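Please walk through this chain with me, taking its strands and helices in turn.

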Amino acid sequence: MFDRGLMRCTRLPAVAISAMAIWRNSVTTTFTATVLGSPRIGPHRELKRAIESYWAGRIDADALARVARDLRRQGLADLRDQGLDSIPVNTFSFYDQMLDTAVLLGALPERVASVADPLDRYFAAARGTDTIAPLEMTKWFDTNYHYLVPEISPSTTFALDASKVLGELAEALADGIPARPVVIGPVTFLLLSKAVGTEEPLLTRTDELVPLYADLLGKLAEAGATWVQIDEPALVGDRTDEEIEAARSLYEQLSLLSNRPAILLASYFGSLGDALPALASTAVDGFAIDLVAGHDSIGSVSDLARKLVVAGVVDGRNIWRTDLDSALSTLGGLLGSVERLAVSTSCSLLHVPYSLSQEPDLDKALRSWLAFGAEKVREVATLATALTQGRESVEDEFGLARAAASTRRDDKRLNDARVRGRLDAVLNSATNRAPAAERRKAQAELLSLPPLPTTTIGSYPQTSKIRVARAALRKGEIDGGEYISRMRAEIADVVALQEKLNLDVLVHGEPERNDMVQYFAEQLEGFFATANGWVQSYGTRCVRPPILYGDVSRPKPMTVDWITYAQSLTDKPVKGMLTGPVTILAWSFVRDDQPLADSANQVALAIRDETVDLQAAGIGIIQVDEPALRELLPLRAADQSAYLDWSVGSFRLATSGVADSTAIHTHLCYSEFGAVIGAIAGLDADVTSIEAARSHMEVLDDLSAVGFDLGVGPGVYDIHSPRVPSVDEIAGSLREALEAVPVERLWVNPDCGLKTRGPVEVEASLRNLVEAAKLVRAEL
C-alpha cells in the first residue's frame, strides 16, 4: 500500500467515508466546551521548583512525581468544575511536548542511551550533561515557547512507548475527568524534527509511524478514551501539495481503523488553507480550528457538514477579554455548516498566565479588559451555554464584556497625542546611518580592540544575593538606596571577574534586571508589569510578559546610571544593554486595537532616546537585543515581507540616533534563521551575535549567501547546557567560523546571556573561551 516516497493510498469513495462517519458519530460521546491544552508549570511555579530541586539532588524522583501528580489532578479538576465537558490530558510535561513525543515514538538520540534511568535520560536529551550534548532548541511556531528539536537519522528505529499518555489518562478517568488524550501528530513531529545523516525529507518516513499511531489509538480506546486530540499545527504553514497529500493519506489510514477513539484533528496559530478540505475528506471525526489567528472558510468545506467542529473563538495566546457578542455571531454562522459544534480556545492555554485572581495591583479598568487562563475557560463555558441555551441565559456575562470594551475604547492612555506627534516627526526625518565601512573605521579608532575580540551577551548569573535583595526591596525590608548599593556591589564583582579573565569588551551583568523585557516595561508608560503572570518559555524557564495596553513613552533614562557606574570601574569598554522593540513586543501581551507596527515604533522611539543618552554619557558600544526577530515572523510566506519591513524599520528607528563612532550591536538566539537572514542584514547593526553552538555554525553560510558584511559573533558555547566546553572545542568552532567570516569581522562570545547558569561553570567556560581566542589569534 505504501512506497518510500511521501505516503500515498487510494482515496476512498465519499459514500464509504460518510458511512464510517455516521457509524462513528452514533457511538461517540459529544461535547460542547473545551480547551486545547493547559499550562503545566503550576500557578506558583511549583513544577519549576520541584524539577530544579531534583536536578540539584534535593529531592528524589518520587517526590518530583508527587508534585507533578498533584498539579495535574488539581488542574484537571478546576477545568471540570469550570464547566468544560471534554478536558485535554497528556498536555503535562516535565520539559517539552516535542521531547515527550520523541519518547513516545522511541526517537531519543543514541547519545543518551547510556543514561540508565528513564527520567535522567529524558533530562539529558533536554539539557545535556558534562559529556552529552543536548538537543537543539528553537521557537514553537511564532510564539515565545521553545521546543526541543528531535533528531531523526537513518538508524532511528521508531518504537511505541505509550506509558505516559496511558498513565495520565488512567489517572484522570479515576478522578471522574471527561478526559481527551492529546498527542502531537506524526506530520508535525516529522516536519519539526531535524534530519541527521540524510538529505531525505523526514516526511518520507510517515509509513513507519502509521503502525505506531494505530497501536496507540487502539490502546487509548481500550483504556477508556472516547476522543483523542491529535495536534498538527505544522499544517497551518505553507505546505506543498505533496505534503498535504501525505497528511491526507495518513489520516485516511488512521481514521478507518475500527479500534480507536474518535479523532479530533487540531490545528492552531493560523489557517489550514488547502489542507482543510483534503483532511476533511477522510473519516476523521472532528476538527479543532483556530478562528482567531486563522481565517478558514468552514462553510465552503462541504465534508465538514458531517463532522464535529471545535471552534477556537477565544484567543489562547493573548490576554484581552473576548468580545462575546462577536464570538457568538461567529459560532452562529457555523451552525448550518457542521454537524456538531463545540467552543474552544484557539490554542493551548500554555501561552497565558493562570488567573487574574493573582494580580492584586491591576487598576479596575485594566482588569476589566483582561482574561487570563481561568477567565478564558469561563468565556468558553459562557459561549457554549449561550450556544446551547440562548444568550439570555448568560446575559450578565455578555453585558460585562460590552462594558469593558466601551471603557477601553474611551481610555485616554490609549491615544497620547504627544507620543504620536513626536513619532511622526522622527519618522519623517532620516533613520539611516552612514555606510558600514565608514562606521567601522570610526569605531576602530575609538575602541582599539584586538582581532577576535571577546565579550559576553549581557547577563551574568543571578546569584542568591541578588534574589534576596530583590525580595527584601519588594517586602519593604530595605529601601531603594540600600538596593542600589547591593546591586552596585554585584556589578563590581562582575566587572572584576571579566577583567581577571581578560575579556576585551565588558558588560555590567544586569543584576538589577529581573527580565530583559519586564525591566523596561516597568519603566515605560503604556505597560503594566504583572505580579504573578508567569508563563513557560522552555523547561523550567518562566517569564512574566508585561501587558502593553496603551501608548508608549519613556519618562526618564532607564539604564544610564547602571552602565556608567560599571564603566567607571574599568578602562575597557562596557556595553550598554537594551532590548529591542520587536523583542519587547514579542515577549509582551500586546494591545490588539492597533497594528503591531505602530506599537513597535512607539517602543523604538523610547529605546532611541535611551541610546542617545548612553552615548552622551560616554558609552561607545550599545547592544540592542532582538532575539525574537524570527519569532513574530508570520507562518505564511505571503505575510512575511510586510512584517520584515516594519520590524527592521523599528530597529533602525531605535538605533539611528547615535553617531557613526558609536557601535551598535544586536543579539539573536534560538530560532531557525533562514527565513530572516535578509532582515538580519537589513538591521544594519555593526555587530550581530547569534546562536550557533548547537547548530554547528550553520547560520554563517546563510549570512555569507546574502552578502552579509558586518561584524558577527557566532555563539561558541551553548549556555542552555551545564557542560563546560573545552578550549579545543571552542577553538575548533572559531576555526570553523573563520572559514566563513574574515577575522576583522569575527567576534567571540557565548550563545546567549548567562543569567540561568551557575557562577562556577560560567567562570570556567569563559576562561576557556578567552584561552581559545588567544590560541586562534596566534595562528593568524
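Which order do the strands of the open sheet of three strands have? The order is β12-β15-β17, with mixed pairing, where strands are DSSP runs of E of at least two residues and helices are runs of H or I of at least four, both numbered from the N terminus, and where two strands pair if DSSP finds at least two bridges between them. This is a predicted model, in which local features need pLDDT of at least 70 and side-chain atom pairs count only at pLDDT 80 or more, while totals for chains, interfaces and linings use all residues. Residues are numbered from 1 along each chain as its sequence is written, and side-chain values use heavy atoms, with hydrogens and water left out.

In this sheet β12 (525-528) and β17 (589-590) stand at the edges with a single partner strand each, so one side of each has no neighbour in the sheet. Strand β15 (residues 547-553) runs parallel to β17 and is joined to it by two bridges, with Ile-547 opposite Phe-589 in β17. Helix α22 (residues 596-616) packs on the sheet and touches β12, β15 and β17, contact meaning heavy atoms within 4.5 Å. The direction of α22 makes about 55 degrees with that of β15; axes are lines fitted to C-alpha atoms, for helices over the stretch in contact, and angles run from 0 to 180 degrees between N-to-C directions.

Five bridges join β16 to strand β18 (residues 621-625), and Gly-576 stands opposite Ile-622 in β18.

An antiparallel pair is formed by strand β13 (residues 535-538) and strand β14 (residues 541-543), over three bridges. Tyr-538 faces Arg-541 in β14, and in the hairpin, which has two residues between the strands, Gly-539 takes a positive phi near 45 degrees.

Turning to a pair of helices, the axes of α11 (residues 324-334) and α13 (residues 373-389) come within 10 Å and cross at roughly 50 degrees. Leu-324, Ala-327, Leu-328 and Leu-331 in α11 meet Glu-379, Thr-382, Leu-383, Ala-386 and Leu-387 in α13.
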